[in-house]
Amino acid sequence: MKLRACCKINIGLDVLRRRSDGYHDLHTVMVPVRGLFDVLDIEPSGCGEDIFSQTGIAVDCQPEQNLCIAAARLMRSRYGIGGMRISLEKRIPFGAGLGGGSSDCTAVIRAADRLFGLGLGDEELARCAAQLGSDTVFFLHDRAQFCQGRGEIMSPAEPLPAGMHLIVAKPAEMVSTAAAYRGVKPAVPQVPLLQRLGRPMAEWQQCVVNDFERSVFAQYPRIAQLKESLTAAGAIYASMSGSGSACFGIFGSAEQADAWKPPFGDVFVHREQTGGD
């Protein structure tokens with residue numbers, strides 16, 4: 001079974017408060033980036049053990065620590081299924097705030113459900129995914145979601161308008177999510193995120209913020225420069241995604257998007273046209 005595991009961007013990210021369980025309450029809108037995806041080839045291993053291999057972009061963890069293996073082990077412990085052979089072609093940069101690892105392990109959960117005929121409903125799939133991370137549940141959906149709690153409480157949100165031109169750009173820098181949370185200062189904004197997103201997109205740059213940017217930009221000035229280059233090129237809205245380091249820009253025309261050039265030579269760039277949901 002072959003699956004595509006796409007990544008996401010965050011339109012606004014308000015870190016509201018630190019919780020007693022060590023997580024943070026947040027508000028954000030996650031939007032799928034369907035053209036930037038990892039490819040997983042998954043089948044029963046036939047030997048009762050999980051076998052994992054990877055090609056493409058190298059990641060900074062041992063194979064046995066990959067979230068795909070964690071997902072396979074979770075499904076076997078919960079439902080008594082056999083082992084899986086998982087081949088991952090990594091295309092989504094990691095350490096980027098794009099959720100690639102979360103998307104991959106959610107794809108493994110989906111595959112286990114289908115390959116072993118578990119017949120799990122949406123709520124049970126979500127419970128499984130939530131055990132592996134805060135944004136994993138998002139990847140069970142195929143459209144933009146307004147996310148609350150630690151990111152796992154979701155409701156449908158307005159997609160990006162069709163016909164916009166999206167650029168996702170990741171510099172060589174990688175940002176630790178844990179370090180980003182240590183640097184953030186939680187605060188409840190006076191105007192809720194969804195209300196701000198209800199304004200014209202041309203106003204978003206002044207009112208829709210990512211709370212991680214202040215501390216991350218201070219530590220990694222090239223990420224700030226990358227975002228600034230997108231706005232200078234005419235992006236209607238530009239932001240860092242998640243806890244970084246990737247930034248994105250939304251352009252109204254192909255000419256503007258095509259004219260943008262990365263300010264550094266070591267930037268991974270993905271471009272696609274939005275199609276709405």
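Predicted model: local features only at pLDDT ≥ 70, side-chain atom pairs only at ≥ 80, totals over all residues.
1. Buried means under 20% relative accessible area, with exposed over 50% and partly exposed in between (1.4 Å probe, protein chains only). Helices (H or I, at least four residues) and strands (E, at least two) are DSSP runs, numbered from the N terminus.

2. Residues are numbered from 1 along each chain as its sequence is written, and side-chain values use heavy atoms, with hydrogens and water left out.

3. Now the sheet. It is open, has 4 strands in the order E8-E9-E7-E10, and its pairing is antiparallel. Two strands pair if DSSP finds at least two bridges between them. Strand E8 (237-240) and strand E10 (268-273) stand at the edges with a single partner strand each, so one side of each has no neighbour in the sheet. The twist averages 15 degrees from one strand to the next. Axes are lines fitted to C-alpha atoms, for helices over the stretch in contact, and angles run from 0 to 180 degrees between N-to-C directions.

4. Strand E9 (residues 247-251) is joined to E8 by 4 bridges, and the two run antiparallel. Ser239 stands opposite Phe248 in E9. Met240 has Cys247 in E9 as its bridge partner. The hairpin of E8 and E9 has 6 residues between the strands, and Gly242 takes a positive phi near 55 degrees there. E9 also pairs with E7, antiparallel, over 5 bridges. Ile167 stands opposite Gly249 in E9.

5. How many residues of E9 are buried? The count is 5 of its 5. Cys247, Gly249 and Phe251 point one way, whereas Phe248 and Ile250 point the other way.

6. What lines the largest pocket? First, its space: about 990 Å³. On a 1 Å grid over the protein atoms alone, a pocket is an open set of points with protein on both sides within 12 Å along at least five of seven lines, whereas a cavity is a set where a 1.4 Å probe fits but cannot get out; lining residues have an atom within 4 Å of a point. Grid points are joined across faces, edges and corners, and a volume is the space filled by probe spheres set on the points. The lining has 43 residues, and Gly99, Ser102, Asp135, Thr177 and Ser243 are the closest to the centre. By class it has 17 nonpolar, 20 polar and 6 charged residues. Ala, Val, Leu, Ile, Met, Phe, Trp, Tyr, Cys and Pro count as nonpolar, Asp, Glu, Lys and Arg as charged, and the others, Gly among them, as polar.

7. The second largest pocket has a volume of about 320 Å³. Its lining has 17 residues, with Arg4, Ala5, Cys6, Phe139 and Asp142 nearest the centre. H2 gives the most to this lining, with 5 residues. The classes are 9 nonpolar, 3 polar and 5 charged.
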